[in-house]
Amino acid sequence: MSVREFVVLGTASQVPTRHRNHNGYLLRWDGEGILFDPGEGTQRQMLRAGVAAHDINRICVTHFHGDHSLGLAGVIQRINLDRVPHPVTAHFPASGRRFFDRLRYATAYRETVRLAEEPVAADGVLAATPSYTLEARKLSHPVEAYGYRLVEPDGRRMLPEKLAAHGIAGPDVGRLQREGALNGVTLDEVSEVRRGQRFAFIMDTRLCDGVHALAEGCDLLVIESTFLDEDVRLATEHGHLTAGQAARVAADAGVRHLVLTHFSQRYSDPSEFERQARAAGFEGELTIARDLMRVPVPKRT
């Protein structure tokens with residue numbers, strides 16, 4: 001049985017708090033795991049959340065500020081210590097290669113796992129698998145930053161009433177799906193397109209074209225909301241979003257489930273982020289992220 005869920009390992013921006021670890025997130029997508037922005041303490045948060053090194057197939061770093069990347073050293077060494085049996089691919093901004101190299105080889109350890117480095121230098125597709133296509137879009141932050149988007153290929157949904165009308169049942173349904181036609185009946189006549197699921201991960205950024213492109217039509221959007229709306233000037237100055245800005249992006253993009261995260265330590269009441277997101281017009285499912293929570297990818301409609 002496939003599992004599609006988002007595991008929150010940490011939700012703090014810049015400075016951790018008593019209740020919020022630095023960033024860290026794992027997307028479980030069928031049999032693969034994509035680790036996003038492993039900040040300091042991610043390895044321990046993985047232990048607390050029941051995430052093993054063996055669960056990681058890809059690592060995606062949005063940018064090289066410490067709260068999004070200082071955990072790389074520990075995670076990479078743990079992958080090798082546990083002798084993860086499959087190769088792991090790391091995506092990160094190409095301009096930050098020197099930071100990635102320093103973190104990868106921060107201390108001495110024995111390399112036992114093939115870690116493929118695939119730096120991101122421009123918008124586009126990073127990987128295509130049978131389960132998803134992984135894309136990147138440039139964001140607007142004081143250092144080069146990219147957001148990531150995962151798109152499942154469209155499939156087909158069989159329509160029982162139309163199958164019955166054409167007298168197609170049992171093994172013949174599978175044959176029709178494989179061959180595209182059966183006894184003069186085409187697959188298009190008895191099925192419809194089943195839109196693939198879409199997920200996006202957007203961290204430190206101002207509003208920009210990349211934010212909107214990543215969010216478009218997402219079933220699950222994870223996006224930073226470092227500041228509340230009354231601090232929009234600070235958000236713009238430091239390259240971040242407010243709760244209201246993030247929610248308006250989600251509303252305009254038709255997002256089904258919005259997850260707000262990456263909160264400044266200046267705010268102690270997370271309910272205010274929810275209030276401002278609703279005030280901005282987002283009417284879909286809304287989650288204010290907490291460390292160690294699990295968020296399922298919404299079921300297909």
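Guide: Two strands count as paired if DSSP finds at least two bridges between them. Helices (H or I, at least four residues) and strands (E, at least two) are DSSP runs, numbered from the N terminus. This is a predicted model, in which local features need pLDDT of at least 70 and side-chain atom pairs count only at pLDDT 80 or more, while totals for chains, interfaces and linings use all residues. Residues are numbered from 1 along each chain as its sequence is written, and side-chain values use heavy atoms, with hydrogens and water left out.

Visitor: OK, in which sense do E14 and E15 pair?

Guide: Strand E14 (residues 198-202) and strand E15 (residues 220-224) are parallel, with four bridges between them, and Phe199 stands opposite Leu220 in E15.

Visitor: What sheet do they sit in, and in what order do the strands come?

Guide: The sheet is open and has seven strands, in the order E7-E8-E9-E14-E15-E16-E17, with mixed pairing. Its edges are strand E7 (124-128) and strand E17 (285-288), each of which pairs on one side only. From one strand to the next the twist averages 15°, where axes are lines fitted to C-alpha atoms, for helices over the stretch in contact, and angles run from 0 to 180 degrees between N-to-C directions.

Visitor: Which strands does H9 touch?

Guide: Helix H9 (residues 243-253) packs on the sheet and touches E15 and strand E16 (257-261), its direction making about 160° with that of E16; contact here means heavy atoms within 4.5 Å. Helix H10 (residues 271-279) also packs on the sheet, touching E16 and E17, and its direction makes about 150° with that of E17.

Visitor: Is H9 mostly covered or mostly open?

Guide: Mostly covered, since eight of its 11 residues are buried, buried being under 20% relative accessible area with a 1.4 Å probe and protein chains only, exposed over 50%, and partly exposed in between. Among the buried ones are Gln245 and Val249, and the cover includes helix H7 (209-215), E15, helix H8 (232-238), E16 and H10.

Visitor: And what follows H9?

Guide: Gly254 does, with a positive phi near 70°.
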